[in-house]
Each structure stands twice: as C-alpha cells, then as structure tokens.
Amino acid sequence: LSELLEDQSTKPSSLEEVSLKTEIIKQKQEMINCLQDELIKVRLRDAENEETIKSLRQKISEGEEERKREREDIPEHNIASLQEELAASKLREAEGNLALKDLRSKVS
C-alpha cells in the first residue's frame with residue numbers, strides 16, 4: 001500500500017513536470033517566432049537602407065557628372081578670346097585718350 005501511495009504521489013509530480021516543460025517549450029517557441037519576425041523586419045529595413053544609399057550615391061554621381069559637363073561646356077579658348085578682346089579694348093581706350101589729349105593741346 002505504501003508503494004502504491006508513493007507511485008501516486010510521484011505521478012502528479014511527473015505530470016506537473018511534463019506540463020511545465022511543455023509550457024516552457026511553448027514559450028521558447030513563441031520567443032523564437034518573435035525573434036525570427038524581428039530578424040525579418042531588420043533585414044528588410046537593412047535592404048531598404050542599402051537601396052536608399054545606392055540611390056543617393058547614384059544621384060551624387062549624376063550631379064558630379066553634370067557639374068563636370070557644365071564646366072567642360074565653357075571652352076577655355078572662349079575665356080582667352082574674351083581676355084584678348086578686353087586687352088584690345090583697353091589699348092583702343094588708351095589710344096583714344098592719347099588722341100583726345102593731343103587734340104586738346106592743339107586747341108589750347
């Protein structure tokens with residue numbers, strides 16, 4: 001009889017242990033599922049950020065190329081010809097001033 005009572009007293013303990021272990025396994029599985037969901041979200045955000053970075057780098061590259069083309073569109077010889085024209089204009093102005101000075105000296 002005492003053995004029978006001992007068996008009955010250990011069985012509920014075993015059932016409680018199984019129930020407890022089942023609950024722990026269930027909670028761990030829920031945690032794993034939550035972590036997997038979070039991992040998917042993080043990887044998705046990471047992929048979106050990478051795409052944004054690629055897009056911004058492309059825009060920067062395009063802007064630099066456009067700026068480079070605009071600088072190249074202004075021909076250097078055009079600047080040199082403008083400088084020559086300015087020098088020639090100043091020379092004509094000096095000659096005109098000299099001629100005016102001569103004319104004033106003749107009139108006076």
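Modeller: A residue is called buried under 20% relative accessible area, exposed over 50%, and partly exposed in between (1.4 Å probe, protein chains only). On that scale, 0% of the 108 residues of the chain count as buried. The model is predicted: local features need pLDDT of at least 70, side-chain atom pairs count only at pLDDT 80 or more, and totals for chains, interfaces and linings use all residues. Residues are numbered from 1 along each chain as its sequence is written, and side-chain values use heavy atoms, with hydrogens and water left out.

The chain has two helices and zero strands; these are DSSP runs of at least four residues (H or I) for helices and at least two (E) for strands, numbered from the N terminus.

A patch takes residues with over 30% relative accessible area and no salt bridge, joining like charges within 9 Å and nonpolar side chains (Val, Leu, Ile, Met, Phe, Trp, Tyr) within 5 Å. A salt bridge is a side-chain nitrogen of Lys or Arg within 4 Å of a carboxyl oxygen of Asp or Glu.

Glu62, Glu64, Glu65, Glu66, Glu70, Glu72 and Asp73 form a surface patch of negative charge. Of these, Glu65 lies in helix H1 (residues 2-73) and is partly exposed at 41% relative accessible area.

Leu100, Leu103 and Val107 make a nonpolar surface patch of about 300 Å². Val107 belongs to helix H2 (residues 76-107) and, at 69% relative accessibility, is exposed.

Definitions and conventions: Accessible areas come from the Shrake-Rupley method with a 1.4 Å probe; for residues, only the protein chains shown count as cover. Lys and Arg count as positive and Asp and Glu as negative; His and the chain ends are not counted. The place of a charge is taken as NZ of Lys, CZ of Arg, CG of Asp or CD of Glu.
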